[in-house]
Amino acid sequence: MVRRLRPQRGSKAARGLWALAVAVPALLLAAFVIVWTTPLFEVERIEVSGTAVLDPEEVAGLGRDAVGRSVLGADLGAIATAVAELAPVKSVEVTRSWPDAVRVAVTEREPFLAVPSGDETFLMVDDEGVVFDETETAPVSIWRVEIADPGPDDLATIETLAVLISLPPNIADEVERVESPSPAGITLYLDDGRTLRWGDGSEGEQKAEVADRLLEGGYEHVDVSAPDAPTVS
């Protein structure tokens, strides 16, 4: 009796899968080598967007080490770290822009305070207390505040920001300028010539209620730094 051998089922499929398993990594490796070594995928430029205070050329210069290298090998983290250290930068996103560029998208800080510096310039301070620019003119839409040493760690700056951010619109609209000689000595100068001593940033809601009542009474000088015991003159 002759036994016939049957061909094993699935052998062609198995060979196909094995070939595919070998081919795919090989193709990926070849693509990686091409991208890494071919001049077509070298960084030729640094594209910068979102700058108004900063010079885009200055920002692009922080990524110059990537120029001439593979787009895939560009150290995006190092570029982002360098750009983030620039004072006007609030946030930054660095990405690859295929086939031959690195894109740097900057979000700059917005001025919140204008602090006189000398006789002719103003320091621009954002709502986090960061000094990021110096200009000859101050936008009319931001607070004009006198502070000796503005900065994110300066207590007078911190308390001033707390006061102004929480100030109700009916009072805020009347403020012409602010003096902050100390953290607890914040005074608001109103556009009709009256003064409102606010103190520090605590008890803002209670101070606003007391200030409203006393200002409506026509007093020239109102002190609500201690809202439970305000003074007027």
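The following legends describe close-up views of a predicted model.

Local features are reported at pLDDT of at least 70 and side-chain atom pairs only at pLDDT 80 or more, whereas totals for chains, interfaces and linings use all residues. Residues are numbered from 1 along each chain as its sequence is written, and side-chain values use heavy atoms, with hydrogens and water left out.

**View 1. The open sheet of nine strands.** The strand order is E6-E5-E4-E7-E8-E9-E10-E11-E12, and the pairing is mixed. Helices (H or I, at least four residues) and strands (E, at least two residues) are DSSP runs numbered from the N terminus; two strands pair if DSSP finds at least two bridges between them. Strand E6 (131–135) and strand E12 (231–232) stand at the edges with a single partner strand each, so one side of each has no neighbour in the sheet.

View 2. Strands E8 (residues 175–179) and E9 (residues 186–190) run antiparallel and are joined by four bridges. A hairpin of six residues connects E8 to E9. Val175 has Leu190 of E9 as its bridge partner, and Glu179 stands opposite Thr187 in E9. Strands E7 and E8 run parallel and are joined by two bridges. Here Glu146 stands opposite Glu179 in E8.

View 3. The loop between E10 and H6 contains Glu203. Phi of Glu203 is near 55°, a positive value in a residue other than glycine.

View 4. Pro99 is found in the loop between E2 and E3, and the peptide bond from Trp98 to Pro99 is cis, with omega near 5°.

**View 5. The salt bridge of Lys90 and Glu128.** A salt bridge is a side-chain nitrogen of Lys or Arg within 4 Å of a carboxyl oxygen of Asp or Glu. By this rule the count comes to 11 salt bridges. The side chains of Lys90 and Glu128 form one of them, at 3.2 Å from N to O. Lys90 lies in strand E2 (residues 89–97) and Glu128 in the loop between strand E5 (121–125) and E6, so the pair ties together parts that are 38 residues apart in sequence.

**View 6. The largest pocket.** On a 1 Å grid over the protein atoms alone, a pocket is an open set of points where a 1.4 Å probe fits, with protein on both sides within 12 Å along at least five of seven lines; lining residues have an atom within 4 Å of a point. Grid points are joined across faces, edges and corners, and a volume is the space filled by probe spheres set on the points. The volume of the largest pocket is about 150 Å³. Its lining comprises 12 residues, of which Asp65, Ala66, Arg69, Asp75 and Ile79 lie nearest the centre.
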